[in-house]
Amino acid sequence: MASLKKAIKISQKHLLGIQDLSISDINTILNEAKNFISLNKSKNKKIDILRGKTQINLFFEPSTRTQSSFELAGKRLGADVMSMNIKNSAIKKGETLIDTAMTLNAMHPDIIVIRHQDSGACNLLSQKVNCAVLNAGDGRREHPTQALLDALTIIDRKNTIQGLRIAICGDILHSRVARSNIYLLNMLGAEVNIVAPSNLMPKDIEKLGVNKFTNMKKGLKDCDIVMMLRLQNERMSTSFLSSNREYYEYYGLTPDKLNHAKEDALIMHPGPMNRGIEIDTKLADDINKSVIKEQVELGVAVRMACLKLFCE
Amino acid sequence: MMKKQYFLNAHIIDPKNLIDEIGGLIIDENGKIEAVGKKVNKNNIPSREKYIDLKSKYLFPGIVDMRVFVGEPGYEYKENFRTLSNAALSGGVTSAVTMPNTSPVIDNVSIVDFLKRRGRDKSKINIYPTASLTKNLEGKNMTEFGLLQNKGIIGFTDGIKTIQNTRLMSRIMRSAFDVGSLVMQHAEDYELAENGTVNDGIISTKLGLQGITDLAEKIIIDRDLSLLEDFNCRYHISQISSAKSIELINKRKNEVDFTTGVSINNLSLNENDIGDFRTFLKLSPPLRTEDDRVELIKGINKNLIDVIVSDHKPEDEESKRLTFTQAATGASGIETLLPLSLELFHNGSVKLSKIIELLTSNPAKILKINKGNLSIGNDADFCIVDIYKPWIVKKEKLISKSKNTSIENKKLQGKVLNTFIKGVELFKI
């Protein structure tokens, strides 16, 4: 019965990216997640709908919130959760992703959550295993659960996404969060502004149906949501920017720049934050404007929904 | 000594001798061409002789493929001379220019002796080895162009690598000029192309891959053509991929002497074919936009491109079963070079005689070899082709040792029926 329900509910076997989902898939996930918000706030946070299921977390890149969020989500649903420690695994001994996948597949997991530094790694994995694959971030390509939790946070505060003007600002070039959010927010009817210095703006990004700005004040004008991204210095081999100081001056979110957005504009950030580089530290902590903590909280609910819906 | 052979009623295309007609071919007892063309018919051959009626099938000079990677020495598990020859023959290729990117690199006289011997003993097709421009492909010290050439090296290239240093490039051109060597450049500015795997554009943005801008190619070509104004050696751009390069070549064609090649992949495919991270389509130069592809075809028709190559780069399964970023670059393609080129004829993009010119007489002319033609007295290297025969490319049916074709499952029209070298039939379908 459960598997029959699943077949009707979600069109995809794997969650590799927002690009592959339909609007109905997205609404199904978001509605399911809403049910878990209250559960996560209650005293007994554990249910058993995934009892007997095995979830493997395969994180090739360091992660605090996403990995712990997926781990908690699985445990709260009653699944057996195993997080692979890449440092001590055969991958360090030169095993390829496909061989790792085959090995894990032989253990009959029901779901694999993967984060990898290479774009498309989850696609490759999904072709080689029998279970569902959830993408927890692949290179610069997609981070679907982050976009879904962002959407849930916005809906929680603004009731809808339809008709909102949303600015995504900062290191767009290296950001999978930006890409997933562009697809998702566009599908749900928002107008998306992209704000970045030219060196961090991906080629032809406007073809994804967004407005492009290199001037932050113009890009924030009348926005309902200001989504800040982390400057991914670890992915920058050569000089993209002159200095953090100059970046903050032109692209850091400060009260002065935020004034160009709507008065009730909300500030979001997928974390981890570089305070004083992409965002003013007081703004980040301003409980009237910043919903950064709420994002983390709703993240668990969204991942519970995804695990439930994609787990057979 | 072999028996004299007579082929009649073929549609013969021999661009060098301006033949494009129904006619025959006579091969003498030494495997040389005795007569060719419309004057060879049933009425003027001895009546007692047996002949083969080709029933209007096409007959082309053997193809000269100017860019071929063979795994010998060092990567025999990817391709050796024997497997390469068999793959080549099945595609009508009778002469191949091999790249120096082996292990060890072809950069000194002693390794050339080995290579020539292996090529002679194991290869059924004519092998024309190149040597590297710089020692160990490091882009620092020149190799001995003169001495290597005397040993039988046909030209010089760093293969998949580009000379980045402008001063070194100018010196290479001067030395090449002195001894009359052919320099072939793979044009890519490393700084601009750093870590890139696909064309820089909407596809790289969507797939989240580092892009390679078309400027990386144009800047090197522009630089080299500027240097060439002062040091004019025999210079060939190995492959171009973009409309920007065509535009530049169009501007400079009348000012400096140089020639240009293009991979059949860039003429037949575009970046959209990469789809969901298909690593067999990770190529260098990368597949670019449909507009770029169309401009390359126009470039052929405007005589801005001289040669079509297979860019045959065999890679084993293990090198391709990785994420797109980690996967090896290149596709196997020597056996599909002609059939895939014929697609340009079937879809009305390029005239058949033009395609054959870019596959036979033009490369031979650049290389200064007497191949790729059906001139009387020459070795009878040729292929017989049913240009309308439909077939589907299947990985497992490829003859090459490596199966990394860029056109798996593609429907093609045109298949080589027989391939001859020096009058001996070495391939039959």
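**A cavity in chain A and an interface**

Guide: In this predicted model, the lining of the largest cavity draws at least two residues from each of helix 3 (65-76), helix 6 (144-158) and helix 12 (292-310) of chain A.

Visitor: Which helix supplies the largest share of that lining?

Guide: Helix 12 of chain A does, with 4 residues. The lining includes A:Q295, A:V296, A:G299 and A:R303. Also among the lining residues are A:R65, A:S69, A:Q146 and A:L149.

Visitor: What makes A:H269 and A:P270 lining residues?

Guide: A lining residue needs an atom within 4 Å of a cavity point. A:H269 and A:P270 are listed in the lining, so each meets that cut-off.

Visitor: How do the lining residues divide into nonpolar, polar and charged?

Guide: They divide into 3 nonpolar, 5 polar and 2 charged. The cavity itself has a volume of about 80 Å³, and the structure holds 4 cavities of 30 Å³ or more.

Visitor: Now the interface: how many residues of chain B are in contact with chain A?

Guide: 18 residues of chain B touch 25 residues of chain A. Contact here requires heavy atoms within 4.5 Å, so these residues all pass that cut-off. The two chains bury about 1,800 Å² between them, 50% of it on carbon and sulfur atoms. In chain B, the most area is lost by B:T205, B:K206 and B:R321, together 29% of what that side buries.

Visitor: What is the count of salt bridges between chain B and chain A?

Guide: The count is 0.

How values were computed. Residues numbered from 1 in each chain as written. Chains lettered and ligands numbered in written order. Predicted model: local features only at pLDDT ≥ 70, side-chain atom pairs only at ≥ 80, totals over all residues. Heavy atoms only, no water. Buried area = accessible area lost by both parts, 1.4 Å probe. Salt bridge = Lys/Arg side-chain N within 4 Å of Asp/Glu carboxyl O. 1 Å grid on protein atoms, 1.4 Å probe; cavity = no way out; pocket = protein on both sides within 12 Å on 5 of 7 lines; lining within 4 Å. Points joined across faces, edges and corners; volume = space filled by probe spheres on them. Nonpolar A, V, L, I, M, F, W, Y, C, P; charged D, E, K, R; others polar.
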